[in-house]
Amino acid sequence: MKKKTEQLPGNRWRNYFVNLLYINFGILFLIALLIFWPVSSSEYPTTKPVDYHDSSEFVVRTTKQNLNDLVNAYINKFLEKTNHRYSVSLEEDVHLQGDLPVFSTTVPLSIHLEPIVQEDGNVILKQRSISLGLLQLPNKKIMEYMKKSLPMPDWVVVNPKEEEIYVAVTEMDIKSNFQVAIEQFDVEANHFAFRIRIPYSTLGID
């Protein structure tokens with residue numbers, strides 16, 4: 001019976017060195033790609049005019065905890081058939097955390113955002129700070145990579161050029177046919193209010 005040939009210590013260290021070299025080249029390639037990747041501007045969804053006839057509007061108030069639970073339940077459902085994971089937590093601001101794929105591994109993403117409610121009932125999340133693992137990259141470049149790598153609903157638009165995320169809640173496709181708009185979104189004061197318009201036809205009233 002032949003004995004298995006043992007790997008010489010020199011060969012083992014040589015393999016470690018080659019693997020480390022490949023990893024370093026990969027990281028350098030990623031950094032170069034992110035730095036020289038052109039930053040794109042994004043068009044926001046056009047808000048459809050709301051038909052105020054044959055409907056009634058209600059203002060619903062909620063808490064930070066309830067909104068946290070609702071938002072992340074939606075995100076988990078949206079991502080359940082993908083390999084991506086991220087979450088949103090309402091703290092002193094809006095904090096998005098997740099993992100971005102880099103080669104055969106993932107890099108942690110953390111972004112803090114300030115919500116600014118728009119007159120049409122949608123909200124712009126303005127970037128306060130952002131980081132991608134230990135990579136020292138310009139904020140716009142990280143958001144560009146985030147836009148290309150992280151799946152988002154159609155009504156959420158990442159705009160790297162303006163360093164913001166546009167959330168068009170009025171364009172959400174809701175099965176009940178309700179129309180939702182943001183009335184108040186004050187994270188620090190824990191004040192959240194939404195305008196919900198219910199078409200009479202949804203209740204079977206013609």
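**Why do we call it that? A talk about one predicted chain**

Mentor: Among contacts in the chain between residues at least 6 apart in sequence, 55% join residues at least 24 apart, where contact means heavy atoms within 4.5 Å. Please keep in mind that this is a predicted model, in which local features need pLDDT of at least 70, side-chain atom pairs count only at pLDDT 80 or more, and totals for chains, interfaces and linings use all residues. Residues are numbered from 1 along each chain as its sequence is written, and side-chain values use heavy atoms, with hydrogens and water left out.

Trainee: What makes up the secondary structure of the chain?

Mentor: There are 3 helices and 9 strands. Helices (H or I, at least four residues) and strands (E, at least two) are DSSP runs, numbered from the N terminus.

Trainee: Why are E2 and E6 called edge strands?

Mentor: Start with the open sheet of 6 strands, in the order E2-E3-E4-E5-E7-E6 with antiparallel pairing. Strand E2 (86-90) and strand E6 (156-159) each pair on one side only, so they are its edges.

Trainee: How do you know that E6 and E7 pair?

Mentor: Two strands pair if DSSP finds at least two bridges between them. Here 4 bridges join E6 to strand E7 (residues 164-167), so the two count as paired. Among the bridge partners, Asn159 goes with Glu164 and Val158 with Ile165.

Trainee: How much of the whole chain counts as buried?

Mentor: Of its 206 residues, 34% do.

Trainee: What makes a group of residues a nonpolar core?

Mentor: Its members are buried Ala, Val, Leu, Ile, Met, Phe, Trp, Tyr and Cys residues joined through side-chain atoms within 4.5 Å. The largest one has 42 residues, and Leu96, Leu109, Leu132, Met146, Ile165 and Phe185 touch the most other members. Strand E5 gives the most to this core, with 5 residues.

Trainee: Which residues does Leu109 touch?

Mentor: Leaving out residues up to four places away in sequence, they include Leu96, Leu132, Ile142 and Met146.

Methods:
Buried < 20%, exposed > 50% of the residue type's maximum accessible area, 1.4 Å probe, protein only.
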